[in-house]
Structure formats: structure tokens, C-alpha cells
Amino acid sequence: MNIGVKLQRINTENFIWIIYFFIIIAALISNEYEKHYLKTKDLRGQKIFKTLNITVFCIAFFIYLYFVITNYKNIEDLKQTSTKKEVICAHLQLIASLLFLVAGGISLVAEINRDDPDTDIGIV
């Protein structure tokens, strides 16, 4: 892989870290609305925290999808001269990113279908 592609991926990953910063803020705000809902049973608060959680999970899902695609491209870019260790590491990274994608998808579906706010799921 050439240096230009690597630098572009690093820039994209830097952008993803900034997105994670906003995810953290959204998760903290969501938790405050959830606390408010649990204390008051205000349905408006429940709707807000549920919407925030679904939004966070959607964003995380697409971030995980980006890493799956990137890791898949890394495997495609492996040369015949790659060492066995490089090939194994590339495949392990793809498997790890696929597992994150699956976990993100399951978390998103669970949050969308969750009716009871007492059944809390952690943000991946």
C-alpha cells in the first residue's frame, strides 16, 4: 500500500476520533435524559434518550462498516511477497472489525426494539 493511501486512512481515522468525541457527549446527554425519565416517567425524556441512543448506534455502525471495508481492502492489497504473519494479522483485523460490526448491528436492533428503559444496554 502506498504512502498516500496510508496518510488518507490516518486522516479519516482522525476524523472518526472527532466523531467519537461527539458520541461521548451524546451518550452523556442521553444518560441525563434517561435519569430524568426514570425519576419522573416523562415520556418526552424517554423519546429523547431513545432517539439519541439510536443515533449513536447508527453512527457507530457506519464507523464499524468503514473499518470492515478498509480491512477487506487491506487483504486484497496483500502481495504475494507478504509474510505469513502479515497475512494472518490482516485476516485477524478483518475478523475483529466484522465482530464489532455485528455487535453494533445487534445493539442497534436491540435499542430500536427496546420498550422498557429498565433493560439497559451499554454502548459499544
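Close-up 1. Axes are lines fitted to C-alpha atoms, for helices over the stretch in contact, and angles between N-to-C directions run from 0 to 180 degrees. Helices (H or I, at least four residues) are DSSP runs numbered from the N terminus. The model is predicted: local features need pLDDT of at least 70, side-chain atom pairs count only at pLDDT 80 or more, and totals for chains, interfaces and linings use all residues. Residues are numbered from 1 along each chain as its sequence is written, and side-chain values use heavy atoms, with hydrogens and water left out. The axes of H1 (residues 3-40) and H2 come within 9 Å and cross at roughly 160°. H1 is therefore roughly antiparallel to H2 (angles under 35 degrees count as roughly parallel, over 145 as roughly antiparallel, 65 to 115 as roughly perpendicular, the rest as oblique). The crossing of H1 and H2 is left-handed (the near helix is turned anticlockwise from the far one by less than a right angle; clockwise would be right-handed). The contact of H1 with H2 holds 18 nonpolar, 7 polar and 5 charged residues. Here Ala, Val, Leu, Ile, Met, Phe, Trp, Tyr, Cys and Pro count as nonpolar, Asp, Glu, Lys and Arg as charged, and the others, Gly among them, as polar.

Close-up 2. Ser-30 is in helix H1. Its relative accessible area is 0%, so Ser-30 is buried (buried means under 20%, exposed over 50%, partly exposed in between; 1.4 Å probe, protein chains only). Lys-41 lies in the loop between H1 and H2. Phi of Lys-41 is near 60°, a positive value in a residue other than glycine. Arg-44 is in helix H2. With a relative accessible area of 57%, Arg-44 is exposed. From Arg-44 to Tyr-33 the C-alpha distance is 9.0 Å, and the two are 11 residues apart in sequence.

**Close-up 3. Helix H2 against helix H3.** The axes of H2 and H3 come within 8 Å and cross at roughly 160°. H2 is therefore roughly antiparallel to H3. The crossing of H2 and H3 is left-handed. By class, the contact of H2 with H3 has 17 nonpolar, 9 polar and 2 charged residues.

**Close-up 4. The nonpolar cores.** A nonpolar core is a set of buried Ala, Val, Leu, Ile, Met, Phe, Trp, Tyr and Cys residues joined through side-chain atoms within 4.5 Å. The largest has 7 residues: Ala-60, Tyr-64, Val-68, Ile-75, Ala-90, Leu-94 and Leu-101. H2 (43-77) and H3 (84-113) each supply at least two residues of this core. H2 gives the most, with 4 residues. A second, separate core has 5 residues, including Ile-23, Ala-26, Val-56 and Ile-63. Val-56 is found in helix H2. At 3% relative accessibility, Val-56 counts as buried. The C-alpha atoms of Val-56 and Ile-106 are separated by 13 Å, and the residues are 50 apart along the chain.

**Close-up 5. Cys-58 and Cys-89.** Cys-58 is partly exposed, at 28% relative accessibility. Cys-89 is partly exposed too, at 39%. A search of the whole structure finds 0 disulfides (pairs of cysteine sulfur atoms within 2.5 Å).
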